[in-house]
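Hi,

Here is the structure I promised to pass on.

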Amino acid sequence: MMTTPSAAQPIRRSFQTTDGVTLSFLEAGSEHMSEINIVLVPGWLMPGRIWQNQINDFSRTYHTLAFDPRGQGESQVASSGYTAERRATDLNELLLKRSNVLLIGWSLGGIEALQYVHMFGADHLAGLVLVDSSVGEEPAPGSSGGFKDNLRRDRDKTLREFMGAIFAKPRPEQELAELVRGAKRMPIEDSLALLDYPFERAHWRNIVRRFQKPLLYVVTPQYEQQARNLKQN
């Protein structure tokens, strides 16, 4: 009788970046399980453990990492570095000693995965998965100006509503409260800087269209037309 491999218990690990910041990630599964290594990058202010269900499933077969970007999860809240270039460099330093990586980025993590490809190429990658992230195709997403104003006016309430909205099914209040507390570790102006990377939308569109390895673009209805346009182009 065939048995289903059990999920590997994640181990918390860390490394120091070239600008002296300690970054954390969860690791599960053996590097010798398969040729592919899966690396999961969360969205805006989210911890790597937001991928827990995926870690449980993927680590039965693949070596799997879930990254806490700087200022998020259990990574150090640095005094600087909340730019697309530095965060892509952090990702590069995580991946330097790894090959055949299937890089999976959700929301802001998808944008930062594209910036990684733009700055460092795709030699370490087996493929790229972008989850519910704008890729610079038309139509453009709505302005985040109102959201930023609400954050400055009532950060707790705005973050609580944001956390509740990202899940398809209601989550326990304690879980949402923990996510809000984690999100507030980062100073508000640094968190707002992450929502305002100074690039034209064509920057992201050009990167994703030029990517020459397997690409999966997974979207909710808000990005459905962008997905159609990307497929066409």
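This is a predicted model: local features need pLDDT of at least 70, side-chain atom pairs count only at pLDDT 80 or more; totals for chains, interfaces and linings use all residues.

Residues are numbered from 1 along each chain as its sequence is written, and side-chain values use heavy atoms, with hydrogens and water left out.

The largest pocket has a volume of about 1700 Å³. (On a 1 Å grid over the protein atoms alone, a pocket is an open set of points with protein on both sides within 12 Å along at least five of seven lines, a cavity is a set where a 1.4 Å probe fits but cannot get out, and lining residues have an atom within 4 Å of a point. Points are joined across faces, edges and corners, and the volume is the space filled by probe spheres set on them.) The pocket's lining takes in 47 residues, and Trp-106, Ser-107, Leu-108, Asp-132 and Tyr-223 lie nearest its centre. Helix 1 gives the most to that lining, with 3 residues; helices here are DSSP runs of H or I with at least four residues, strands are E runs of at least two, and both are numbered from the N terminus. By class, the pocket lining has 26 nonpolar, 13 polar and 8 charged residues (Ala, Val, Leu, Ile, Met, Phe, Trp, Tyr, Cys and Pro are nonpolar, Asp, Glu, Lys and Arg charged, and the others, Gly among them, polar).

Next, Ser-24, which sits in strand 2 (residues 22-28). Ser-24 counts as buried because its relative accessibility is 5% (buried is under 20% relative accessible area, with a 1.4 Å probe and protein chains only). Its side chain makes a polar contact of 2.8 Å with that of Arg-12 (a pair of N or O atoms within 3.5 Å, one able to donate a hydrogen and the other to accept it; residues adjacent in sequence count only if both atoms are side-chain atoms).

Finally, helix 5: its buried residues are Arg-155, Thr-158, Leu-159 and Met-163. They fall within an arc of 130° seen down the helix axis, so they line one face of helix 5 (the arc is that of the directions from the axis to the C-beta atoms).

Cheers

Terms used: Buried means under 20% relative accessible area, exposed over 50%, partly exposed in between (1.4 Å probe, protein chains only).
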